[in-house]
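I opened the notebook with a plain plan. Overall layout comes before single residues.

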Amino acid sequence: QVQLTESGGGLVQGGGSLRLSCAASGRTFSRYAMGWFRQAPGKERECVASISWSGSTVYADSVKGRFTISRDNTKNTVYLQMNSLKPEETAVYYCAASLGPSYPLKPDYWGQGTQVTVSS
């Protein structure tokens with residue numbers, strides 16, 4: 001069992017940056033592939049970035065070059081650095097964990113989500 005707690009969301013102007021964090025409970029965090037998803041109102045949830053237990057990363061085309069996913073297995077934490085944010089990226093961002101491959105990530109566990117609002 002893994003519990004995931006996101007933090008770092010908020011309101012930012014277009015072109016700005018935010019860093020999301022996701023703290024995981026449990027002693028087996030390093031075994032999990034991790035990912036960040038987002039869901040905007042009226043849209044399907046989509047994976048924006050994932051990272052394997054060894055640190056290999058995959059990004060959605062829409063965020064390549066602007067978002068960076070990373071993990072610190074000593075702190076049981078995964079991060080999402082988001083730069084050059086766009087208003088259309090306003091969404092609830094979710095952290096997810098999977099014992100399967102990092103791509104495509106099929107989560108076994110979800111966080112509660114954190115709201116990111118990008119103003120124009």
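**Entry 1: the aromatic pair I began with**

I noted at the start that this is a predicted model. I looked up Tyr32 and Tyr109, and both are buried. I then searched the whole structure for aromatic pairs and found three. In one of them, the ring centres of Tyr32 and Tyr109 are 6.1 Å apart. Their planes meet at 65°, which is over 60, so I logged the pair as edge-to-face. Where do the two partners sit in the chain? Tyr32 is in the loop between β3 (18–24) and β4 (33–39), while Tyr109 belongs to strand β10 (residues 109–110). They are 77 residues apart, so I wrote down a link between distant parts of the chain.

**Entry 2: Phe37 and Trp110**

I turned to Phe37 and Trp110, another aromatic pair. Their centres lie 4.8 Å apart, with 65° between the planes, and this pair is edge-to-face. Phe37 is in strand β4 and Trp110 in strand β10. The two are 73 residues apart, and again distant parts of the chain are linked.

Is Phe37 buried or exposed? Its relative accessible area is 8%, under the 20% limit, so I marked Phe37 as buried. Trp110 has 36% relative accessibility, between 20% and 50%, so I marked Trp110 as partly exposed. I also listed one aromatic cluster, formed by Phe37, Tyr94 and Trp110.

**Entry 3: charges over rings**

What sits over the ring of Trp110? I found the charged end of Arg45 there, 4.5 Å from the ring centre.

**Entry 4: the whole chain**

I stepped back to look at the fold. I counted eleven strands and zero helices. Along the sequence the pattern is β-β-β-β-β-β-β-β-β-β-β.

I checked the radius of gyration next. A compact globule of 120 residues would have a value near 14 Å; this protein has 13 Å, so the two agree. The C-alpha atoms fill a box of roughly 40 × 25 × 25 Å along the principal axes.

Of the 120 residues, 44% count as buried. The protein exposes about 6300 Å², and carbon and sulfur atoms supply 48% of that area. I also looked at contacts between residues at least 6 apart in sequence. Of these, 56% join residues at least 24 apart.

**Entry 5: the nonpolar cores**

Which residues touch the most other members of the largest nonpolar core? I listed Leu4, Met34, Trp36, Val78, Leu80, Met82 and Tyr93, out of 30 residues in that core. Seven strands came up as suppliers of at least two core residues each: β3, β4, β5 (46–51), β7 (67–72), β8 (77–82), β9 (91–98) and β11 (114–119). Another core, of five residues, lies apart from the largest one. Its members include Ala33, Phe37, Ala96 and Leu105.

**Entry 6: Asp108**

I finished at Asp108, in the loop between β9 and β10. Its relative accessible area is 45%, between 20% and 50%, so I noted Asp108 as partly exposed. Asp108 and Ser98 are ten residues apart along the chain, yet their C-alpha atoms are separated by 5.0 Å. Which residues does Asp108 touch, not counting those up to four places away in sequence? I wrote down Ala97, Ser98, Leu99 and Gly100.

Terms used
Residues are numbered from 1 along each chain as its sequence is written. This is a predicted model: local features need pLDDT of at least 70, side-chain atom pairs count only at pLDDT 80 or more; totals for chains, interfaces and linings use all residues. Side-chain values use heavy atoms; hydrogens and water are left out. Rings of Phe, Tyr and Trp (its six-membered ring) pair if their centres lie within 6.5 Å; planes under 30 degrees apart count as stacked, over 60 as edge-to-face and the rest as tilted. Helices (H or I, at least four residues) and strands (E, at least two) are DSSP runs, numbered from the N terminus. Buried means under 20% relative accessible area, exposed over 50%, partly exposed in between (1.4 Å probe, protein chains only). A charge sits over a ring if NZ of Lys or CZ of Arg is within 6 Å of the ring centre and within 35 degrees of the ring normal. The radius of gyration is taken over C-alpha atoms; the globule rule is 2.2 Å times the number of residues to the power 0.38. Contact means heavy atoms within 4.5 Å. Accessible areas come from the Shrake-Rupley method with a 1.4 Å probe; for residues, only the protein chains shown count as cover. A nonpolar core is a set of buried Ala, Val, Leu, Ile, Met, Phe, Trp, Tyr and Cys residues joined through side-chain atoms within 4.5 Å.
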